[in-house]
Structures are given as structure tokens and as C-alpha cells.
Amino acid sequence: RIVTALSDESGFHLSHESLCQIEISSQLKTLWRPSTRVCVLTGAGVSQESGVPTFRDKDGLWQKFRPEELANMNAFLANPDLVWDWYQHRRKVVREVKPNDGHHALVKMEAFFQNFTLVTQNVDGLHARAGSKKILEVHGNIMRSFCVRCGEFATQEHLETLADTGKAQCQKCKDLLRPDVVWFGEMLPEDILRQAEEAARACELFLSVGTSAAVYPAAGLPLLARDSGAHVVEINPQPTEISRYMSEVLTGPSAKILPQLVAL
């Protein structure tokens, strides 16, 4: 069962239930054409539907460790083995799951729309595994690692040799390797964020999918798109902090809703 909520011009959301299909506004249907400029933002909810734990639900990985023990540079330098082992665990989780129907629907959207940008807060690489090509990873990718001294990226072969050692050592200079992810207190990659903001400003249709809209600056992209004149659609199982500001809210799992949009 999918609960759908549509907003009127006042921003008040009217909810109803549908056993099979979501109700899609006429404006969204009109925009669903190859020439429409589209930007999509995905968050942890999309990966969660593949079995990747989130940081904010009751079963999330953050419940097992305090974030400050694992996800900042000072903590990493103080206890690199702990951080490395935790990220090795996360990599193992990611390798064992598969992209879901929502991921595959986004691949089809990329092929359908002539101007399409996928921005993701997720670091698991599932979008690429599904077949998406143009991806802006604003928080990085845990499947990559680089040296804190020389900046050299580790090869996949080298990372595989480290899998059982518990040590994160650069093959070139022997200093520490760290995951290529944005940690607390670090800036998002400037060029990637700039491209994401440009896509949000330029798009006619913006989809905010599976994100709690709580982590900035990425969470500000839907509002940036709205303020730039785009029709902004939120797709999420629960209401978020920005639901009231959306042009249209489709409540339910992205793996169910996105394929229905592709079928328009």
C-alpha cells in the first residue's frame, strides 16, 4: 500500500491511499518528456531498500559506535585501525547487497531524459553498479581510499590485499590510507558541489528521493531548485523537514514509486 500526498497552491498536503498506483499530478506528467531538464538527489533511504543500514534508524550502524570515534580526521589519526576495520565492515555489507528497482529506474531515467543529473549523498557506489553514468557523489565513496600524505589512491588490488590485515597502509609511501568519504568537519568536494548546485538551479524537474533532508548542504538542493522555478517532487516513506515546501510529495518506497514514474 502506497500513501500519496499532493500539495495545493497553499502548501497544504492532502493525503489519500491507493492499493496499487500512486496518483501523479498533471504537471509532473506534462514534464515527463525527454527534453525536460531533470536533477535527482538520492539519500540513505534508497540504499536502505537494498539492505544497507542507515545511520539514523534504530538499527543503524551509528548505534554501534559514536560517530566522533570513527568519522573525523583526529579520531582516525588517534585510532586508525578501529576506523579502518569499521569501514571494512561497511564495504563488506555493501558488496553483499544489490541495487534495487529504484536504482535501476534511475538508470532508465538517465537514458530517457536528454539532460539528467544524479546527485547522491550515498557513498556505497550502488548507483554505478546499477548502471548510472553521470553521478555526483557529494559525500564520496567508501569503495575508494587514498593516502593522507601523498594523496595516492589505492588500487583495488592493493585494497584487497589489506582486507585481512586490519592495516591501512599506502602502497607508495607506507603512510595511512583513509576512505574517500567526507568526514565530520570536512568540506564537501567543491567542484562536485558546484556542479550539483548548477544542476539544481537549471533543472525544470527535481526529484528528492529517500533523503531525510537533514544533512546540509546537500539537503538544500531541493529548495534551491524550487526557488529557481523547478517542480520539486519528494519521494520518501515518511514526511521530512522540507515536505511542506515541495511541489508534490509521493509517500512510499523509492523502489516502488520510481518504476511507476519511468512507466509514464
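Modeller: Happy to. One term before we start: helices (H or I, at least four residues) and strands (E, at least two) are DSSP runs, numbered from the N terminus. Also keep in mind that this is a predicted model.

Colleague: Thanks! Let's begin with Lys174. Where is the place of Lys174?
Modeller: Lys174 is in the loop between α8 (156–162) and β7 (177–181). Its phi is near 70°, a positive value in a residue other than glycine.

Colleague: Does Lys174 count as buried or exposed?
Modeller: Lys174 counts as exposed, because its relative accessibility is 52% and the cut-off for exposed is over 50%.

Colleague: And what about phi of Ala213?
Modeller: Phi of Ala213 is near 60°, again a positive value in a residue other than glycine. Ala213 is in the loop between β8 and α10. At 1% relative accessibility, Ala213 counts as buried.

Colleague: Which peptide bond is cis?
Modeller: The one from Tyr216 to Pro217 is cis, with omega near 10°. Pro217 lies in the loop between β8 and α10. For context, most peptide bonds are trans.

Colleague: Switching to helices now. Which residues are buried in α9?
Modeller: Leu193, Ala196, Ala199 and Ala200 are buried there. They cover an arc of only 125° around the axis, so they sit on the same side of α9.

Colleague: What do the buried residues of α9 pack against?
Modeller: They pack against β3 (37–42), β4 (115–120), β5 (135–137), β8 (205–209) and α10 (221–227).

Colleague: How far apart are the end C-alpha atoms of α9?
Modeller: They are 18 Å apart, which agrees with the 18 Å that its 13 residues (190–202) should span at 1.5 Å a residue.

Colleague: Now strands. How many bridges join β9 to β10?
Modeller: Four bridges join β9 (residues 231–236) to β10, and the two strands run parallel. Ile235 stands opposite Leu250 in β10.

Colleague: Which way do the residues of β10 point?
Modeller: Glu248 and Leu250 point one way from β10 (residues 248–251), while Val249 and Thr251 point the other way, and all are buried.

Note on methods: Residues numbered from 1 in each chain as written. Predicted model: local features only at pLDDT ≥ 70, side-chain atom pairs only at ≥ 80, totals over all residues. Heavy atoms only, no water. Expected span 1.5 Å × (residues − 1). Buried < 20%, exposed > 50% of the residue type's maximum accessible area, 1.4 Å probe, protein only. Arc of directions from axis to C-beta. Contact = heavy atoms within 4.5 Å. Pairing = 2+ DSSP bridges.
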